[in-house]
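Here is a short tour of a three-dimensional model. Please keep the viewer open while you read.

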Amino acid sequence: MHLYDVEVGLLGANAVVAGGIPGIVGSALAFQFKGEQRVAVAFFGDGATNAGTFHESLNLGQLWKVPAVFVLENNGWAESTPAVQHSPLPVDELGKRALAYGMKLIEVDGQDVELVYLAALASREHALSGKGPVLLHLRTHRLTGHYVGDPQVYRDKEELKRERETKDPIELLRSRLELPDEEFAAIDSEVTAEVEAAVEFAKAGTDPDPEDALKWVYA
Amino acid sequence: MPEVTYREAVRDALSRALREDEGVFLMGEDIAEMGGSMAVTQGLLEEFGAKRIRNTPISEMAIVGTAIGAAMQGMRPIVEIMYEDFLTLSMEQLVNQAAKHRTMSGGQLKVPLTIRTQGGAGWSPGAQHAQQLEAWFVHVPGLKVVFASTPEDVRGLLWTAIHDDNPVVFFEHRTLYPVKGEVPDELEPIPLGKARIHREGTDVTVIATGRLVHEALQAAEEAEKDGISVEVVDPRTLLPLDEEAIVASVRKTTRCVTAHEAVTRAGFGAELAAIVQHGAFDWLDAPIERVGARFAPLPFAPVMEQWVVPHAADVLDAVRRTVARA
Amino acid sequence: MAVEVKLPRLGQGMEAGTIVRWLKSEGDAVAKGEPLYELDTDKVTQEVEADADGVLLKIMISDGEVDVGTTVGVIGAEGEDVSGLGDGNGASPQPPAAETSAAKDEPSGAPAEATAPVEAAAPAPPAAGGERVKASPLARRIARERGLDLSSIAGTGPEGRVIAEDVERAADGAPAAPPAPAVAAPAPPAPPGEVEVVELTSVRRTIARRLTEAWEAPVFQLSVTVDASELSATRERMVGLMREGEVKPTVNDVLTRLTAAALMRHRAVNAHFVEGRIHRWPGANIGIAVATPNGLVVPVIRGAERSSVQEIAAVRADLVARARDGKLQLADLEDGTFTISNLGMYGIEQFVAVLNPPQVAILAVGSIEDRPRVEGGELVVSPTMSMTLTCDHRAIDGSEGAEFLRDLKALVESPALAL
């Protein structure tokens, strides 16, 4: 779960919902201090927008106009809790929380690959301009469970089926591009192979030395 | 040797660090124009400017979390948390994030963050403005905890804490801010994890922190009149702890008293007692005594506050109990 | 169905006991076998267990001396009416007279019968409350290192704790305490001029009575000085051969073993004098005098002649620990055939012990000191120890006592002879 790869800029997948957002404000602050043309990006879901850290981070980030992008992947579900049970705002309007902090809001359909790409570019540009951070609101859909093996007893099976059939971003992109089957199959198998190779690599790994548990407690 | 107050000693360490390293900056509530609620950061805004001496909203989670982020990117932020009671608001970031990033990233990240805070009773601040919570942080792998009690120690240790690549929770004591003490002309960094023996003795070791170091020294003077020779040891760094020095002292005296202003139950004295019991078991000639506050939220009424919080007389009583006869 | 709790006869010859305190209150649930109250007899204080399950409905007698057989409480079902019970009190309980006189007439032989007639063999057991002699870890270590018996050292720490200084003092034999941190004692000692009157506990009264009787016996004493170098060396060797978890043997443990061997060769000394008869015992059950804050106790190491020194040490350590905790049972104190009293750790060079009736002899052992001796016409310095044997002349003649003591000395000076 806790994947970090500092070399590619991944500062960790946080097990605490909204726990990593302040750190992104701080990283962006550091870029600002050092004059580096970089942005710091936080990814989180609709559930995270209720946490104190989210609000404090947006407040401080906007106050100091740090080069940060707060990406809200809003699929309307916080684990098993639908948005109507966790937020007083209508689920489609969750992005407006940015406005409470005077922050720039960019909203797009999260299932449209090209739109998302363009929105991300725009967010980055805005953040780097010194005008302040951006809340990038991607309205999306959760096509699987919260975790692998989640039976989703709390979800309408019909609705889930419908979404799978109509909201798959890869399918949507493929039909817009009018991609021939062979080409699609080729890309698909290439990606599948890469993923499976990674899984095999992980499975074949050896156990760590138990005493390494103490290795990185302190720098 | 020049004499400075504890407060001036802290400011001195901060100033020197700010001067020498561009990556050092301060964040906290009211630390800029006002110079901090304890007047520690007075003058720093003028010298270093608003970019590096930053007032923040009342937002402890974001303050600490932002500092964590900046630290991960190689800067050396110093956060001032106005009262250590408010550390509770930042616990999630301090405990779940700052303390964990290095381990969870397999050594890829480090968090060279310093959190300065203060606490201390004696002026009717009430239950939410005077807690002593250092024991909570000693319990978190990944953090370091410092609690200096003299101007010389606070200056030398703060310098080291700022330059340590780990998150350090640096406790100051409110009532010690105006206390004067001699400091070397040049700032001498004091290593973390080294105790200081303030007074040598042969009959009982008192391990004290913060304000209680001074109370213990007073109690030692009194005890001397009764022919009881008291050794006073200040661990200075609570995590990592100088276990060797502490155990050696008790092996020498055969009796031990721990003393802190924090509540006795599950306080740092309990950890000290466990370490001493184990390291000096066959040398102990009396049960280990713990001195600390009574188990109640700190009262506002002065007479009640006085009664709840420990003083020199309590240390003296504990000393006497260790050498008592039937 | 309510059950009367009657004061039990814990040993033949026991007529009464003193209830010290109840461990359960009226209305408490009790289970069979659960400790119900503490009973102080002449010999020992022990917990008396409940005979039945139920609720302790009534406590008739909460404390004080009670005849055996008296109903002291009632256990029954909750709410049961027990107003009529306990009326049997006042009538005499099963008279012990018949049993005891019958036992008295029996010839010596089986150990059980031999003890029957006497009310108590040993002097005082630990008294009420089971007070425990505490010792700090440091004191224990010093005692261990110096081979001292903690049980005989008085503690000056709080709650009678033996502290390092007490052990050091005992080891040095110096009565004056080394300069210690002066203590601001919470309660100042009584000013001169006031006499503190200490009431005797029933236990102390018993000791007083017994030893007065003993004093009436016509006794004589025999003294020898032994070269203790072999004794100490043997002990050192045994300590060296110790395994994990074994109790460290003391010089006294070795001496106990050697004494048992000597007693087997001089059965006249391994005996009781009772009502005009000498009862010779087949085995050596050696009593070890142990000081506790509440008085002297003499727990017995049974079968010392067929135990190894290591076994004796283990039994001794257990008895001493239980003596401290007030957990000695009657069985620990009965059937002693000979007693060793060692005041060596107090620096006492030589003394005369009082007989422990009905035993016919008792050995007083002094401290091991380097002293000059004459050996083969030459002056030599060696570690020496005095042993003084007190004998009941009604049972032992001078020559018998002397032969025993001479042989014991030979064994002490050459322990290999005991093989």
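This is a predicted model: local features need pLDDT of at least 70, side-chain atom pairs count only at pLDDT 80 or more; totals for chains, interfaces and linings use all residues.

Residues are numbered from 1 along each chain as its sequence is written, while chains are lettered from A and ligands numbered from 1 in the order in which they are written.

**Chain C**

Strand 16 covers residues 338-342 of chain C, and because five of its five residues are buried, it is largely enclosed by the rest of the structure. Helices (H or I, at least four residues) and strands (E, at least two) are DSSP runs, numbered from the N terminus. Two strands pair if DSSP finds at least two bridges between them.

| Pair in chain C | Sense | Bridges |
|---|---|---|
| Strand 12 (residues 286-288) and strand 16 | parallel | three |
| Strand 16 and strand 17 (residues 361-365) | parallel | four |

Within these pairings, C:Phe338 stands opposite C:Ile286, and C:Asn342 has C:Val365 of strand 17 as its bridge partner. Looking at the whole chain, you will find ten helices and 19 strands in chain C. Of its 419 residues, 41% count as buried.

**Chain A**

Chain A has an open sheet of four strands in the order 1-2-6-5, with parallel pairing. Its edge strands, each pairing on one side only, are strand 1 (40-45) and strand 5 (104-109). From one strand to the next, the twist averages 20°. Strand 1 is joined to strand 2 (residues 68-74) of chain A by six bridges, and A:Phe43 has A:Val71 in strand 2 as its bridge partner. Helix 1 of chain A lies across strands 1 and 2, running at about 165° to strand 1.

**Where the chains meet**

Two residues are in contact if their C-beta atoms, placed from the backbone, lie within 7 Å. One contact takes 28 residues from chain A and 33 residues from chain B. Helix 1 of chain A gives the most to the side of chain A that touches chain B, with nine residues. Chain C also meets chain B: 17 residues of chain C are in contact with 16 residues of chain B. On the side of chain C that touches chain B, the largest share, four residues, comes from helix 3 (residues 137-146) of chain C.

**A helix pair in chain B**

Helix 3 (residues 60-72) and helix 4 (residues 91-98) of chain B pack at an angle of about 25°, with their axes 8 Å apart. That angle makes the two helices of chain B roughly parallel, a term for angles under 35 degrees, whereas those over 145 are roughly antiparallel, 65 to 115 roughly perpendicular and the rest oblique. Axes are lines fitted to C-alpha atoms, for helices over the stretch in contact, and angles run from 0 to 180 degrees between N-to-C directions. B:Met61, B:Val64, B:Gly65 and B:Ile68 in helix 3 meet residues of helix 4 including B:Leu94 and B:Ala98.

Terms used
A residue is buried if 20 or more other C-beta atoms lie within 10 Å of its own, exposed if 12 or fewer, and partly exposed in between; C-beta atoms are placed from the backbone.
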